[in-house]
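This report describes a two-chain model, taking each chain in turn and then the contacts between them. Please consult the sequence and structure shown below while reading.

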Amino acid sequence: MNEAGAANSVKTRRPLLRLPRPLLRLHNIVSDRVLAVGLIVPSVVAVLVFVYGFIGWSALVSVSQWDTVRPDYTFVGFDNFRNLFHNFRFLIDIRNTVVFTVFFVGACLVIGFVLASLLDRQIKGEGIFRSIYLFPMAVSFIVTGVAWRWLLAPRAGVNLLAEKLGPGNLDYGWYTDPTVVFIHPGSRFGEALHSLGLGFLADANFGIPLALFSVVIAATWQMSGFVMVLYLAGLRAIPEELKEAARADGANELQVLRRISLPLLRPVTLSAMIILGHQSLKIFDLVVSMTQRGPGFATDVPALFMFETTFQGNHFARGAAISIVMLLSVSVLVIPYLYWSLRKEARL
Amino acid sequence: MSIAWSRIAIYTVLVAVALLYLMPIYVLLVTGLKSFREVGLEEMWDLPSGLHFDSFRQAFRALDSNLANSFRMVIPATIISCLLGSINGYVLTKWRFRGSDVLFFFLLFGMFIPYQSILIPLVKTLQALHVYGSLWGLVVTHVIYGIPITTLIFRNYYTNIPTELVEAARIDGASIFGIYRRILFPLSLPGFVVVAIWQFTSIWNDFLFAATVTSNPTIQPVTVALNNLAGSFIVEWNVQMAGALIAAIPTLVIYVFLGRFFIRGLMAGAMRS
C-alpha cells in the first residue's frame, strides 16, 4: 500500500476522538502553523512560570532576609549563601552528599553492569530475573525506607539473619553507628583512593560517616536494576559480528568485554552516572522515611535541611539559598548532558 | 565441562542476587501475615504460623482514606498529563517551527531540577490560588511538572510515525486537528500506555510535593500517611510493614502486568531511546 493509500484508508475510518466542530473549522481562519504554536502555548507558559519563574522567585528569596512566617524581600546580597558555607550542618550535608554520590553511583554501576553482562548470555528465565532486579524501581522511596529501616535495625534484620544462617550475629549498628572514619592520605587505603581519582575521600578533614552506608544500600537496592536495564539495552545494541571477529582473533571473553563492550558502552555509563548522580544530589524521601538526620547528622542531606529549615523553622531565605545551591549542582551535571543528548539526536 | 561449570556459577550468582532483592518483600510479607502474638523482632525471619490478616486489616483502616486520596489525585493527573504530552509531542514532531528544538531543551530541563528550588514559590502561589492543601492543588502541580517527561516520551514515540503520512493527509486537505484525530491519535495507544504508567507510578510514589502541599491528614496521599504511620512510636512494626506493602501494591501490580511499558518510560527518562 502506498503512503497516500494508507492516509486515505485511515481517513475513512470513524474517528476515535470527537472534536467540537468550531475547533475543526478554526483552521480555515488561522493557518495550521499558527495553531500548532497555539497548541503548545499552555504547556510552555506553565513551564515558563512554574519552572523558570519560580526558580527566579526562589533566587530572589535566597538573597532576601525573609526569616519568619511573614515574607520580607529586603535585599541582603549573598549573605545567606556566605552563612550557609559557614553553617556546620550544611558543610556536613555537602560531605554526606559527596560520600553518598560516590558510593551509590559506584555500587549501582558495578552491580548493574555485572547483572547485565551475566544476563546477556542466553539465560533461561532472563525475563524473570530482569523483573526481579528491576521491581524496586516501581515502589516508592518511602516504602523502601520503611522496609530497610527494619532490615537494618540493630536488634533485628540482617544482624539477626546472619545469626540464623550461621556466621553469628553481626552486632553492627548500621544507621545508628555514629562512627566517622577519617582516612589518612598517606595510608595504603588513602593512596589507593588517590590512584582511583577519589583522593578527596582521604582528605584529613573529610570523614566518611558509616551510618550513611545503610542509606546507600537501600538506594542501591532500589536503583541498580535501572542501570542493569540500561546496560542490557546497550549490550544488545553491540553487533555480534564485532565480538565474533575479536574471538576469531583469539580474544577471550574477558578481553572481548574489556576491549569491545566496555568502550562501546561508554555513553550508557555516562547516562547512568548523570541520572543517578543528579538523583543523589536531591535525595530526600528515602532519608526522611529511613533514618532522618542520623547520629550527629551522619545521614543528613541538603534536601532534608532545606525542608526542615524552610517549612518547620520558617527560615525561608536560608531554605531558598540551599535550594539554589542544589539547583546549581544539578545544573552543572544535567545541562551539558541534555545538550549532548539533543545534539546527538539532531545529527542522526 | 568447564563451560557447564561456568553456567552453573552464573545461575548461582543470578539466583543469589534475586533472593537478595526479594528479601525486603519477604520480610514485609511474612511480618504482615503474622498474628500480633508472634511479631517479636527476634522472629523477624520466621514464617508465620498461619495466615493472619490482622496487621493488614489494621494498616488498611489507618490508610484507607489516604489510598482513596492517592487514587483521586493520580487518576485525573495522569489523564491530563497524557493529553498534554500527546499534543506537545505531536506539535514538536509534526509541526516543527523555528526554535522548537530550543524550546524542547528548555522544557526538558524542568524534568531534572531539584523541586526544592521551586517549592517556596509553589506553596505561595497555591495559597494565593486557594488550592493549597487540596488534592486539586496536587493534581495541578503534578500535571505541570510532568509536562517535560510526558512531552519527551510522546515526542520520541511520534518521531517513529512517518511524517509522509502527515504530509499526505495535509495534501488531502486535513487540518492540524483532523490529522491528529484521524492519524496520530489512533496510532498513539502504546505511547499513551507508557506515559500513563510512568505518570501513575511517579505521582503515586511522590512524597515531596504531597508532604509540602498537603498538611491536612484527611487529604494526604498514601505516601505521606505511610511515613507518618512508620514514624509513630505507638504503631506496631508489623502494622507498618503491612502498610508499606499496601502502599506499594498498586504500582507493583502495574509493574507485574505492564512492566515492559514501564521500562520504555525509564529509558526515555534517561534520554536513551
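What percentage of the 348 residues in chain A do buried residues make up? Buried residues account for 40% of them. The model discussed here is predicted.

## Chain A

The secondary structure of chain A consists of 16 helices and 2 strands. Along the principal axes, its C-alpha atoms occupy a box of roughly 75 × 70 × 40 Å.

The radius of gyration of chain A is 26 Å, whereas a compact globule of 348 residues would have a value near 20 Å. Where contacts in chain A link residues at least 6 apart in sequence, 66% of them join residues at least 24 apart.

## Chain B: overall organisation

Chain B contains 11 helices and 0 strands. Read from the N terminus, the order of its elements is therefore α-α-α-α-α-α-α-α-α-α-α. The C-alpha atoms of chain B fill a box of roughly 75 × 70 × 30 Å along the principal axes.

Of the 273 residues of chain B, 52% are classed as buried. Among its contacts between residues at least 6 apart in sequence, 76% bring together residues at least 24 apart.

## Chain B: domains

Two domains are assigned in chain B: domain 1 (1-52) and domain 2 (56-269). Their C-alpha centres are 33 Å apart. The contact between them involves 6 residues from domain 1 of chain B and 7 residues from domain 2 of chain B. On the side of domain 1 of chain B that touches domain 2 of chain B, the residues comprise 3 nonpolar, 2 polar and 1 charged.

Helix α7 of chain B covers residues 176-187. Its 12 residues should span 16 Å at 1.5 Å a residue, and the distance of 16 Å between its end C-alpha atoms therefore agrees with that expectation. The buried residues of α7(B) include Ile176(B), Ile179(B) and Tyr180(B), and also Arg182(B), Ile183(B) and Leu184(B).

Helix α8 of chain B covers residues 189-205.

## The nonpolar core

The largest nonpolar core comprises 181 residues, and Leu226(B) and Ala244(B) have the most contacts inside it. Helix α10 (residues 212-236) of chain A gives the most to this core, contributing 15 residues. From chain B, the core draws at least three residues from each of domain 1 (1-52) and domain 2 (56-269).

Which residues does Leu226(B) touch, not counting residues up to four places away in sequence? In chain A, Leu226(B) touches Ile142(A) and Val146(A). In chain B, Leu226(B) touches Leu63(B), Gly243(B), Ala244(B) and Ala247(B).

## The interface between the chains

How many residues of chain A are in contact with chain B? The contact takes 89 residues of chain A and 79 residues of chain B. Helix α3 (residues 32-62) of chain A gives the most to the side of chain A that touches chain B, with 18 residues. The residues on that side of chain A divide into 67 nonpolar, 13 polar and 9 charged.

Definitions and conventions. Residues are numbered from 1 along each chain as its sequence is written. Chains are lettered from A and ligands numbered from 1 in the order in which they are written. This is a predicted model: local features need pLDDT of at least 70, side-chain atom pairs count only at pLDDT 80 or more; totals for chains, interfaces and linings use all residues. Helices (H or I, at least four residues) and strands (E, at least two) are DSSP runs, numbered from the N terminus. A residue is buried if 20 or more other C-beta atoms lie within 10 Å of its own, exposed if 12 or fewer, and partly exposed in between; C-beta atoms are placed from the backbone. Two residues are in contact if their C-beta atoms, placed from the backbone, lie within 7 Å. The expected span of a helix is 1.5 Å times one less than its number of residues. A nonpolar core is a set of buried Ala, Val, Leu, Ile, Met, Phe, Trp, Tyr and Cys residues joined through C-beta atoms within 7 Å. Domain bounds come from an automatic or database domain assignment. Ala, Val, Leu, Ile, Met, Phe, Trp, Tyr, Cys and Pro count as nonpolar, Asp, Glu, Lys and Arg as charged, and the others, Gly among them, as polar. The radius of gyration is taken over C-alpha atoms; the globule rule is 2.2 Å times the number of residues to the power 0.38.
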